[in-house]
Amino acid sequence: MDITLIGQHVMNGLMLGVMYGLVAVGFTLFFGVLDVIKFSHGDVLTVGAFTALATYLALKAMQVASPWLQLVAISLVAMLAMALLGAAIAKYLVLPLRTAPALNTLLITLMLGTVLREGVRLIFPDGSNPKPFPRLLPGDAFTWGAFTLRVDTLILLVAGVAMIVGVHLVINRTKLGLAIRAVAQDGETAMIMGINFTAVVLTTFAIGSGVAAFAGVMNGLYYNEINFGMGLLLGVFGFSAAVVGGLGNIYGAILGGFLFAGLQTIGAAALPFASAYKDVFALAVLIAIMAWRPTGLIAEKTSERV
Amino acid sequence: MSPLLACRALTCRFGGVVALDRVDFSAREGEIVGLIGPNGSGKTTLFNVITGIYRPRDGSVTFAGADVTGARPQAIYRAGITRTFQRSRMCLPLSVFDNIMVGNHKRLSHGLVFNLLRRSAFAAELARSFVEARELLNIFSPRLAERIDEPVAGLPMIDRRRIEICRALISRPRLILLDEPSAGMTHEETRELMDDILVVRERMAGLTIVIIEHEMGVIERITQHCVVLNYGRKISEGTFAAIARDRNVQEAYLGVA
Amino acid sequence: MAAARLPALVFAAAMTAYGLLFLAAERERAVGALIVAGAAAVALAARFGLLGKVRTSIAAHEGTFDAAAIAGVLVVALWFHEEHFVLLMMTTALLLMTAALGLTVQFGYAGVVNFAGAAFLGIGCYTAAVLTKYTPVPPLLILPLGGAAAALIGSILIFPVLRTRGHYAALVTIAFGILFKTFIEVNDVLGGPQGMSVGPFALAGHSFNDPIRIGGFEASFYFAYVLAALALLVLAFALVRRLERSWIGLSLDAIRLDEVASACYGLDIARWKVFAFTLGNFLAGCAGALYGHVLGFIAPNNFTFGDSLVLVSIILLGGIGNPWGVVAAAAFVVILPEKFQVIQEYRFALYASLVILVLLFRPVGLLPRALRDYFPGRRHETAP
């Protein structure tokens, strides 16, 4: 196949990898800190994307014209709103169920995901259909011979990687990050050491959800379209990426994200009947990986005293 | 006569931590062996290795002449070794009877046809098992035996420990490993529990017991032989009187003067 | 002193009457009034200790109550014997109950999560469609074959499902559910997104799509389906209940509650999980096969992830591990949106919200599971 197509696939793959990675980081953070799987994470991404869209529409109504201002505004609003949502979920649904069997938290977050997803569909006018997302990034493209590189793709990739690096820095270089790691290691000891457990948990959920909102906006900007079901598959793949990378391990999550993105891209490129079967192939690969190495390529951190 | 249980040079590591370091441990049939040592010395780990929950890095476990090193817990149970757990592991929503029956797995029929269709045969097996469970409970506490159909969740810890011991005994094992059975009990309750265990031992000829305990009075009273662990290593062995005099043991528990 | 038979019978009769009124009610205000009245009746009964009496009566005379319940369903079916829509609703509810019983074995007893319930139901449907269309397989055989297909295809998920932590099984079953629906949609082999038709069920020469005429009695063709669905439910119910009251049920509970201790007492964790998962999918597949016949036309849109969550909601709302809870919740989930048309759009969100409330405030569900009683109504032989 020709170079442009390969280039296109590579770009798609990288974007997908960054997005899965961003979602996976959220999953892995929540698991690390509270040993919970927040299944509604993908749907938080959807709400974030739609919040951004709503903000954009509001800004347009207020006659704000500058695309950069719009971009910054909708991103910030979406991330902030989702951070609050994430913290609220932690406070009212997840923390109260700490003493209940782990499955209950899984179930409650799964149900919450449905409420969020259906909420978007029902509240947004004509929510069942995909909605166009504004083109706020410059539409130019560089060309080298047969290879075309869109500027917006480049910007998104850089932004995505910057976000990942940002999360990494927060976790590893700040006091907050230290507190998060302490709580992830051993919640009770962290509490004894004076760390405010609840505050750390809420902050972690806020961070994870804010990152998801960012990924949602990225998704919208890249595909120029969002729909109420977008979070479901992203959540499934993001979660698998986190599992494959070893739950609790941030680098593993990112690695897992790129692994899945890579496999899906190769599948889409190699299979002749590509586009329709893209998802089928991706899901089949996921199930196969889970069957082969269910505890992840890097081991999950578990400790059960016998 | 060769010992019923023989552990040779058992080594067990978790990452960098050496939980067991070339431990030799054996128990002769009919004996009551005490396993003591400070917290974290590897006692429960030894039990976990014997019962197949952990695989040893090195060494062997022989039971009744057969090599059972690294065997699955299910196989260990079938061979005739049962145990209780340091932190009580009960199925709280289930009844006392159900919990004891979990321990009776190898003596019950689990076929689909038997359980679904042959109801009168099932009823007979149920009745037999019920009588046995009640009798066993009765040894430990007639009051508890009255509550055999109640959920375990509503019972105090001391009753839960008794039920756990009954669960370990119902399958008529050859060897039973008791992990701090008297934790959380008063002296009086502990004495009573040990008396009851001795009664059971009378009735089950040849029952071998290995008991982890922190109460030295218990160890002194009921064991014929003791093994002391510290930091995963065996530091002393012998009768209680002998090990109590051992300088190494005193240092392990009290520190060097 | 033995418990009386009367409270159980009165309860069954009351439920039947309530069901008749509810299904007959046309206007939403009437339905609303019935719901309020029902809740008030339950509250009053609880206040006067009647609920306890009913419970002991049912436990002591189970056979009587079972027969009364079946009779009640038949009475309702006969009452509405010419109403296509009501009979269709009843059939759907009965079949969802069967599928949910399968989920109960998996999740309620063995603790294996399955978020692809609708997919396994769908496998049963499509099996029925294909077998009726292309093969001369007798219809009665199609039901267990639908179940077998579901069980077989489900076995590819076995390895991740066997993992200890629930989230692996959750992830894999969610993925499988989506894969199933997407796969059917993207190719035309099984009708694609438009779907495919399913031929009528038949028994002893009578095609179930023909209206019923026996002597002077005329009934909608759905009447036969109600009877078939009821028969299937009775079998599934009896099976699941008998299973729970046996050493098998005990083993399943044990591995759900404590895998380590269970392993140390000889239980083969993998064997029991595989058994529960397979049996559950089998039941869902059987229900699906009959469901395909009832619908007459099936499409991948009937079997989405949301539909799987509805099945999960049924067992969580009704009471985990309690077959009667499943019955009550399935009826509620099927009938309510039909009576309040406005809810149709909000179904998924509504059920999900209810489950969230239940998990927060009453995790055991509406009808909590009782302690295991191997032979209800019989006393233990007491020790000498």
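Predicted model: local features only at pLDDT ≥ 70, side-chain atom pairs only at ≥ 80, totals over all residues.
## Cysteines

A disulfide needs two cysteine sulfur atoms within 2.5 Å. For Cys7(B), the closest cysteine sulfur belongs to Cys12(B) and lies 12 Å away, so the two are too far apart for a bond. For Cys226(B), the closest cysteine sulfur is that of Cys7(B), at 16 Å, which is also too far for a bond.

Cys7(B) counts as buried, at 1% relative accessibility, and Cys226(B) is buried with a relative accessible area of 0%.

## Two domains in chain B

The domain assignment divides chain B into domain 1, made of residues 1–80 + 173–257, and domain 2, made of residues 94–164. Taken over C-alpha atoms, the centres of these domains are 27 Å apart. Domain 1 of chain B brings 15 residues to the contact, and domain 2 of chain B brings 9 residues.

## The interface between the domains

About 1100 Å² is buried between domain 1 and domain 2 of chain B, and carbon and sulfur atoms give 62% of this area. On the domain 1 side, the residues that lose the most area are Tyr77(B), Asp196(B) and Val200(B), which together make up 40% of what that side buries.

The two domains are joined by 1 salt bridge, and 5 residue pairs are in polar contact across their interface. Two elements of chain B, α2 (73–79) and α8 (187–203), each give two or more residues to the domain 1 side. Of these, α8(B) gives the most, with 8 residues.

A salt bridge also links the side chains of Glu192(B) and Arg162(B), with an N to O distance of 3.4 Å.

Technical notes:
Residues numbered from 1 in each chain as written. Chains lettered and ligands numbered in written order. Heavy atoms only, no water. Buried < 20%, exposed > 50% of the residue type's maximum accessible area, 1.4 Å probe, protein only. Domains from an automatic or database assignment. Contact = heavy atoms within 4.5 Å. Buried area = accessible area lost by both parts, 1.4 Å probe. Salt bridge = Lys/Arg side-chain N within 4 Å of Asp/Glu carboxyl O. Polar contact = N/O pair within 3.5 Å; in protein donor to acceptor, adjacent residues only side chain to side chain. Helix = DSSP H or I, 4+ residues; strand = E, 2+ residues; numbered from the N terminus.
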